[in-house]
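Hello,

Here is the structure I promised to pass on. My notes on the ligand site and the sheets follow below.

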Amino acid sequence: MSDKLVQLVDIPQRGDARGGLAVAELGGALPFLVRRVYWIHGTSPGVSRGFHAHKQLRQLCVCVAGSVRLSLFDGRREESVVLDSSAKGLLIGPGLWREMHDFSPGAVLMVFANAEYDEADYIRDKEAFIASRHGA
Ligand code: T46
């Protein structure tokens, strides 16, 4: 079994001579029912985003244009994953501090989530997040 904090999954490619077509389907790349989709775009060079954890939310992140680096932290270990292909998705479960860095010009990060937006699901204080992970 993998000890990775997050899981990279293949997004099936169904393109042909006309161009690309990528599919995220329940039971395929998507292991949960999607209740919300949002996309992050137009992030200025040098700007980082995220800096929070989710208590319950599950997400599949696909960089459909350009590239971005995601940093994940479980309170002890940190992992960094560069997303630069619409053929790869990053599954992020709850309880991980996430930051997004190094957006390329024109980058678009599409996020499929298993719940509606709920600010109460966010932990935006890193010290509080670390304390919660260490049972404090
Ligand atoms: C995450 C990373 C990967 C809404 O009103 N509805 C929404 O569905 C979302 C996602 C955000 N918002 C509001 C809340 C804030 O006032 O939009 C504003 C920006 O959200 P936030 O600062 O959380 O955005 P990011 O880019 O730091 O983080 C986002 C997601 O919020 C978050 O779930 O895991 O992308």
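How far is an oxygen atom of the ligand from an N or O atom in the side chain of R98? The distance is 2.8 Å. That is a polar contact (a pair of N or O atoms within 3.5 Å).

First, the ground rules. This is a predicted model, where local features need pLDDT of at least 70, side-chain atom pairs count only at pLDDT 80 or more, and totals for chains, interfaces and linings use all residues. Residues are numbered from 1 along each chain as its sequence is written, and side-chain values use heavy atoms, with hydrogens and water left out.

For the side chain of Y122 the distance to an N or O atom is 2.6 Å. For Y38 it is 3.0 Å. Taken alone, the ligand exposes 650 Å², and the protein buries 69% of that (Shrake-Rupley areas, 1.4 Å probe).

The shell around the ligand has 13 residues (a heavy atom within 4 Å). R36, R49, H54, R98 and Y122 come nearest. Strand 2 (36–41), strand 3 (49–54) and strand 8 (97–101) each supply at least two shell residues. Strand 3 gives the largest share, 4 residues. Strands here are DSSP E runs of at least two residues, numbered from the N terminus.

The ligand takes up the space of the largest pocket. A pocket is an open set of points on a 1 Å grid over the protein atoms alone, where a 1.4 Å probe fits, with protein on both sides within 12 Å along at least five of seven lines. A molecule sits in one if more than half of its atoms lie within 2 Å of its grid points.

Five strands form an open sheet in the order 6-5-8-3-10, with antiparallel pairing. Strand 6 (78–83) and strand 10 (122–123) are the edges; each has a single partner strand, so one side of each is left without a neighbour in the sheet. Pairing requires at least two DSSP bridges between two strands. Strand 5 (residues 68–73) and strand 6 run antiparallel and share 6 bridges. There, R69 faces V82 of strand 6.

Strand 7 (residues 88–92) has 4 of its 5 residues buried (under 20% relative accessible area).

Best wishes

Methods: Buried < 20%, exposed > 50% of the residue type's maximum accessible area, 1.4 Å probe, protein only. Polar contact = N/O pair within 3.5 Å; in protein donor to acceptor, adjacent residues only side chain to side chain. 1 Å grid on protein atoms, 1.4 Å probe; cavity = no way out; pocket = protein on both sides within 12 Å on 5 of 7 lines; lining within 4 Å.
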